[in-house]
Protein chains: 2
Amino acid sequence: MSMDLTDLEPVERRSTAAIVADRIREAIMRGTFPPGTQLGEVELAGRLGVSRGPLREAMQRLVAEGLLRSESHRGLFVRDLDAADVRDVYVARAAVERAAGLLLIAGDRAAAVQRLADALAVMEAAADDPVALADADHAFHAELVAASGSPRLRRMADTLLVETRMCLAALQQTAPPADALLAEHRELCDAVRDGDPGRLTNVLESHMLDAVERILAPTIVPTVPSSLPSSDPKKPTDPAPPALPA
Amino acid sequence: MSMDLTDLEPVERRSTAAIVADRIREAIMRGTFPPGTQLGEVELAGRLGVSRGPLREAMQRLVAEGLLRSESHRGLFVRDLDAADVRDVYVARAAVERAAGLLLIAGDRAAAVQRLADALAVMEAAADDPVALADADHAFHAELVAASGSPRLRRMADTLLVETRMCLAALQQTAPPADALLAEHRELCDAVRDGDPGRLTNVLESHMLDAVERILAPTIVPTVPSSLPSSDPKKPTDPAPPALPA
DNA sequence: GGCCCGCGGATTGTTGACAATCATACGAGC
DNA sequence: GCTCGTATGATTGTCAACAATCCGCGGGCC
């Protein structure tokens with residue numbers, strides 16, 4: 001595996017705002033900042049070793065992605081996702097990943113299946129460790145969309161996958177059964193291999209529905225959207241914010 | 001139509017960065033800033049009556065949306081879209097709007113059809129004026145996605161629609177035939193009314209394909225993606241940047 | 001004559017400080 | 001005893017100046 005220098009990239013030089021945004025995004029994704037926590041600018045800036053200017057730029061970027069909500073003269077808060085948001089994330093993911101899968105089928109199917117199979121192997125190898133499995137799951141779907149070659153689908157999927165991780169981190173009451181998860185992904189891979197658009201759509205949508213149910217299992221989950229003047233509108237969950245790392 | 005104050009909203013107070021971002025986005029969308037133009041920070045800041053701080057935050061937001069590209073220590077430029085980008089925009093739009101349409105069918109179909117019919121009426125009224133028609137077209141699709149009730153699909157669609165307008169503004173060599181456009185939208189509305197998912201998918205995808213062909217008509221347009229070492233990669237269009245409004 | 005080096009102008013990236021706004025706690029008034 | 005007005009503290013929003021980097025151009029050297 002010799003690195004060939006023929007394609008030499010234009011020296012990736014990311015702006016500090018982008019780097020800071022990546023850091024914060026990662027932290028939000030990993031659950032380091034639980035939903036609802038306020039992100040003080042001075043504290044974060046000091047911790048990351050930058051001034052408030054670049055940090056605020058990074059925040060605006062994250063607000064645009066929908067990960068943070070900004071209240072004027074009040075502060076920036078990590079968006080907290082309710083059941084409706086969980087469903088919405090998976091609806092949007094189904095839309096994006098279905099389109100990506102169709103592009104895969106229409107394009108170089110063999111190469112796509114190869115990449116998917118590799119990602120699947122990583123998942124199988126990490127079946128024991130729940131967090132590694134979540135990472136591999138994330139990587140699988142990211143690869144699925146990236147292989148489609150559509151930059152816009154890719155960007156959308158990246159944001160949605162981060163939100164998915166937020167859901168999992170916030171509501172991770174139980175680790176998902178690894179075998180069922182693997183089976184679903186294998187089936188998804190097969191659908192691409194066979195090149196059957198209808199089957200891919202079905203597999204993908206049922207995969208998403210399963211995921212939603214898994215996440216929303218312990219909570220009250222009315223299947224009909226809205227129109228629920230149910231008992232208690234206030235959230236019972238309000239765990240003390242854990243200490244920040246490093 | 002008496003305004004009822006029962007639901008009184010939390011007083012919409014947008015941050016200046018968001019306002020500035022809207023302004024710039026609008027200008028890019030309308031073609032005031034042609035693709036490839038550099039946006040000087042001091043000039044823009046002075047023109048908008050804000051300092052460079054908030055302006056830079058707004059820029060980061062637009063970069064995150066993919067409307068601008070930032071070269072380090074070089075400046076911010078309006079992204080120029082090539083043929084592949086045009087196809088990609090419409091692929092993504094098809095994915096998003098299909099999902100939204102399916103949600104419409106599954107939800108309150110009557111209300112959705114009503115909103116779509118209203119938007120369609122606006123289009124019909126503006127059939128003569130090309131720019132008004134483009135606005136109405138934009139509004140129709142925005143309404144389609146907004147009516148789905150999915151905030152994520154909505155956000156994606158908003159960004160994609162702006163990019164669509166960029167394509168149109170940059171390559172508007174010929175006004176689209178209003179009658180064909182109206183017919184397609186009517187058919188789309190009917191598909192939602194009938195509640196036939198398959199038909200909706202077909203109508204929507206053909207609508208998108210038609211739009212792509214319309215835009216890419218005069219240029220060389222190979223139907224197969226990528227692998228085109230065609231003649232001239234550089235764009236002939238480089239009109240003098242028109243003066244800024246207000 | 002052609003190529004390399006260095007300088008001037010301009011623009012971006014970053015910083016620290018100033019002004020405006022909001023939440024909280026305390027005390028006066030009813 | 002409860003409510004309202006006010007002071008205080010902290011945080012956000014904004015600004016102008018400083019430092020770093022890059023493009024274009026002229027002079028020197030080969």
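Predicted model: local features only at pLDDT ≥ 70, side-chain atom pairs only at ≥ 80, totals over all residues.
Residues are numbered from 1 along each chain as its sequence is written, chains are lettered from A and ligands numbered from 1 in the order in which they are written, and side-chain values use heavy atoms, with hydrogens and water left out.

**Stop 1: DNA strand D**

Sugar and phosphate account for 78% of the atoms of DNA strand D that come within 4 Å of the protein.

Now pick out the phosphate oxygens. Polar contacts here are pairs of N or O atoms within 3.5 Å; within protein, one must be able to donate a hydrogen and the other to accept it, and residues adjacent in sequence count only if both atoms are side-chain atoms.

- B:Ser51: a polar backbone atom is 2.8 Å from a phosphate oxygen of DNA strand D.
- B:Arg74: an N or O atom of the side chain is 3.0 Å from a phosphate oxygen of DNA strand D.
- A:Glu41: a polar backbone atom is 3.4 Å from a phosphate oxygen of DNA strand D.

Next, show the secondary structure. β1 and α3 of chain A are the elements that give two or more residues to the surface near DNA strand D. Helices (H or I, at least four residues) and strands (E, at least two) are DSSP runs, numbered from the N terminus. Colour that surface by class: two residues are nonpolar, seven polar and six charged. Ala, Val, Leu, Ile, Met, Phe, Trp, Tyr, Cys and Pro count as nonpolar, Asp, Glu, Lys and Arg as charged, and the others, Gly among them, as polar.

**Stop 2: DNA strand C**

Select DNA strand C. Sugar and phosphate make up 76% of the atoms of DNA strand C that come within 4 Å of the protein.

Zoom to the phosphate oxygens again.

- B:Arg56: a polar side-chain atom lies 2.7 Å from a phosphate oxygen of DNA strand C.
- A:Ser51: a backbone N or O atom lies 2.8 Å from a phosphate oxygen of DNA strand C.
- B:Glu41: a backbone N or O atom lies 3.5 Å from a phosphate oxygen of DNA strand C.

α3 of chain A and α3 (52-65) of chain B each supply at least two residues of the surface near DNA strand C. α3(A) gives the most, with three residues. By class, this surface has three nonpolar, seven polar and six charged residues.

**Stop 3: between chains A and B**

In chain A, 35 residues are in contact (heavy atoms within 4.5 Å) with 33 residues of chain B. The area buried between the two chains is about 2,800 Å², with carbon and sulfur atoms giving 51%. Buried area is the accessible area (1.4 Å probe) that two parts lose on being put together, summed over both.

Twelve residue pairs are in polar contact across the interface, both at pLDDT 80 or more.

Now select α3 (52-65), α4 (83-106), α7 (151-170) and α9 (197-216) of chain A; each supplies at least two residues of the side that touches chain B. The largest share, ten residues, comes from α4(A). By class, this side of chain A has 15 nonpolar, seven polar and 13 charged residues.

**Stop 4: the sheet of chain A**

Select residues 38-39, 68-71 and 75-78 of chain A, which are β1, β2 and β3. They form an open sheet of three strands in the order β1-β3-β2, with antiparallel pairing. β1 and β2 stand at the edges, each with a single partner strand, so one side of each is left without a neighbour in the sheet. Two strands pair if DSSP finds at least two bridges between them.

Start with β1 and β3, which pair over two bridges. A:Leu39 has A:Leu76 as its bridge partner. Move to β2 and β3, which pair over four bridges. Here A:Leu68 is partnered by A:Val78, and A:Arg69 stands opposite A:Phe77.

End at the turn. β2(A) and β3(A) form a hairpin with three residues between them. A:His73 in that turn has a positive phi of about 55°.

Conventions: Near = heavy atom within 4 Å.
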